[in-house]
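Dear colleague,

Please find below the structure that I am handing over to you.

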Amino acid sequence: MNTPSEARSDVTLPLQGVRVLELGNYIAAPTAGRLLADFGAEVIKVERPGTGDELRRWRLHRGDTSLLYRTINRNKKSVVIDLRTEEGRRDVKRLAAQCDIVLENFRPGTLEKWGIGPDELSADKPDLIVVRISAFGQTGPLAERPGFAAVAEAVGGLRELVGEEDRPPVRVGVSIGDSIAGLFAAYGAVMALHQRDKVRPQTLPLKSRVVDVALSESVLAMMESLIPDYVAYGVERKRIGGRVEGIAPSNAYRCKDGTIVIAGNSDGIFPRLMETIGRADLAADPDLAANDGRWLRRDELDGAIEAWTMTLSRDEALKRLEEAAVPSGPIYRAADIVADEQYRARDMIQYLPVDIGDGEVREVGFTGVVPVIGGRSLPIRSVGPDLGEHTEQVFRDLLHKAVVSE
């Protein structure tokens, strides 16, 4: 069991000294905040009174705070502020004036309506970076339209490619559109920080300090050559199940006791794979020497590979593929990941004490910090906080005011 240490003396946290104000709910903006917090930024998360971020109750099995919330909001501070009140908005402006970055994922125009848009926030902090995440971006004819990751994944082209060709499109099992947008938002924030520091003592104009992240565009950015293939050749990508179009053989294959993934699609690896499965004839076939020829005969190749894997256990098939240096791996479930030696060696599952409901505290495993610095994951300093856990401290230290109990 990997329990994170309090500190890593061999690594300096890259974002130590950076302060972030997070005005975000759900997954996208909080994912960006988590990434910044993981690497040392002080992230102050503003939550509404009473309920807090709605994510606290998503996939809630016991208690009042889900482990989804604890995961996405780790290493942060939680303060309760009511943005619907004048006092709450004044507090946000005062906090933003002491921050480097503000993250938000409200519907476009909401912060402006409340008087805490980028113009107002920058008036008190002329070098403030504002990272904005929305369904379709801050400009354009759809800017004011609401939308979650499910919509963005559809509009961005991803949903059409997920699933079997003869069935309706399906969704991957996580809110991937939100997470991708969070990655772009964190990257944009760090990029803007770098640019801001590079031009000092001059101040960047506001337009260069506002990072505009659209969920739909974040998904689209992951779609490889979807658009140029269509514009240049009129080619429309299609759903093809476990394959990736134009690449063969690469798929999931059944064994006696499970399923594995084999990626034998490079010109150098393919002959080794065919030799391993006892098909030297296919290894020597000149029509299969390059990927375009293999793609045309993908069904034949997949059939030959699965005819071999079905005679073996999962572990035996993987052992033989490893000996032949053919990329392959098991299809993991959560239990497999928790037990995996590679993840354990790099501190990618870290155990922290968590109240899982009804006052029961248990050591719970959480995914480590990515990317790795210094050979293993940085330690998770704290799980997502209780609602308002840091309100008193933040108000005292930054706003120099006491919290009034209702």
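Predicted model: local features only at pLDDT ≥ 70, side-chain atom pairs only at ≥ 80, totals over all residues.

Residues are numbered from 1 along each chain as its sequence is written, and side-chain values use heavy atoms, without hydrogens and water.

The chain has a domain 1 (19-223 + 380-399) and a domain 2 (243-330); such bounds come from an automatic or database domain assignment. Over C-alpha atoms, the centres of domain 1 and domain 2 lie 43 Å apart.

An open sheet is built from six strands in the order S3-S2-S1-S4-S5-S6, with parallel pairing. Strands are DSSP runs of E with at least two residues, and helices are runs of H or I with at least four, numbered from the N terminus; two strands pair if DSSP finds at least two bridges between them. Strand S3 (76-80) and strand S6 (210-214) are the edges, each pairing on one side only. Strand S5 (residues 129-134) runs parallel to S6 and is joined to S6 by five bridges. Within this pair, Val-131 stands opposite Val-211 in S6.

No disulfide (a pair of cysteine sulfur atoms within 2.5 Å) is found in the whole structure. Cys-99 counts as buried (under 20% relative accessible area, with a 1.4 Å probe and protein chains only) because its relative accessibility is 0%. Cys-255 is also buried, because its value is 6%.

Yours sincerely

How values were computed
Buried < 20%, exposed > 50% of the residue type's maximum accessible area, 1.4 Å probe, protein only.
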